Amino acid sequence: MKKSDLVLNPGQRLLLLLFTFIICFMLTMACSYLIGRVFSGNVPAALRLSALAQDVIAFIFPAVITAVMVTRRPAELLCIMHSPQLLILIFVAAVTAVSIPLQENIIYWNYNISLPESMKGFENFARQMEDSANESLKVLVGDGSWSSLVLNILIIGVAAAFAEELLFRGCFLRLLTTAGVNGHIAVWTVAFFFSAMHMQLFGFVPRLLLGAYFGYLLLWTKNFWVPFAAHLLNNVMYVVVACRQVRTGGAGALDAEPHTWSWWLTAISIVATSAALYGIYKVGKRNVPEGV
């Protein structure tokens with residue numbers, strides 16, 4: 001987009017997004033409180049409705065409001081106008097599949113990281129946050145029934161992926177890149193905030209890398225639907241695996257710690273993932289839509 005397509009200076013645009021997010025987040029907290037009171041006897045329903053409220057009010061609303069207020073071409077700013085190429089989506093699916101060993105090893109390393117003795121109090125607090133998130137997952141997954149699986153795919157998979165990508169990549173990242181910020185700096189800045197938002201120290205690095213991956217997908221293709229597809233596949237895979245674990249090993253199976261893969265499978269994963277990423281880069285750069 002041209003500078004003339006945008007109003008306010010870059011700093012004011014970012015402040016607008018920040019203030020809009022804060023206001024909408026406060027509204028989300030109020031909605032979650034009311035939902036908890038109304039559905040006090042049905043914890044899974046309360047959690048799912050609160051998650052939807054967060055997606056719509058805290059993530060989608062700030063992105064759309066900011067985009068509409070800073071340009072007369074909000075759809076172009078958010079990169080939602082063009083359909084993704086099938087070949088790129090195939091490469092995205094390939095990355096999701098072949099990167100599993102690499103991701104698991106990174107998850108294992110981050111999960112087992114140990115902080116200095118002086119920070120043990122913070123480490124214990126962070127572990128408690130992880131345990132709390134895992135308990136919420138147990139409630140959502142339930143007995144792993146088909147109905148729970150479908151609901152979780154729609155809420156954790158589709159809704160969360162769409163909302164988070166619209167806010168972080170569609171709006172935040174685009175506000176940075178259209179302001180002239182270096183693409184790499186913009187991608188990693190947004191990835192940092194994306195990971196920090198989840199408030200899980202022992203999953204920070206994997207989410208940071210995942211956020212950077214989604215960011216580069218938008219940077220290379222200028223198409224919101226590509227990182228959305230990648231995020232969707234990642235979330236759906238997570239939900240399906242969790243439900244399968246509960247069905248085969250009960251709710252306690254979700255307490256299992258991450259594990260490592262063999263070095264040779266990890267090496268193959270690195271090579272295959274790099275090849276698929278390069279394919280996305282080449283196809284995306286060759287077919288960037290005009291005007292974005």
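Is Leu 265 buried, partly exposed or exposed? Some notes for a first look follow.

1. Before anything else: this is a predicted model, where local features need pLDDT of at least 70, side-chain atom pairs count only at pLDDT 80 or more, and totals for chains, interfaces and linings use all residues. Residues are numbered from 1 along each chain as its sequence is written, and side-chain values use heavy atoms, with hydrogens and water left out.

2. Back to Leu 265: it counts as partly exposed, because its relative accessibility is 28% (buried is under 20% relative accessible area, exposed over 50%, partly exposed in between, with a 1.4 Å probe and protein chains only). Leu 265 sits in helix H11, residues 263–286 (helices are DSSP runs of H or I, at least four residues, numbered from the N terminus).

3. Now have a look at Asn 105, in helix H5 (residues 100–111). Asn 105 is buried, as its relative accessibility is 19%. Its side chain makes a polar contact with the side chain of Thr 266, at 2.6 Å (a pair of N or O atoms within 3.5 Å; within protein, one must be able to donate a hydrogen and the other to accept it, and residues adjacent in sequence count only if both atoms are side-chain atoms). A polar atom of the Asn 105 side chain also lies 2.8 Å from the backbone nitrogen of Trp 261.

4. Finally, Leu 18 belongs to helix H1, residues 10–38. Leu 18 is partly exposed, with 41% relative accessible area.

Note on methods:
Helix = DSSP H or I, 4+ residues; strand = E, 2+ residues; numbered from the N terminus.
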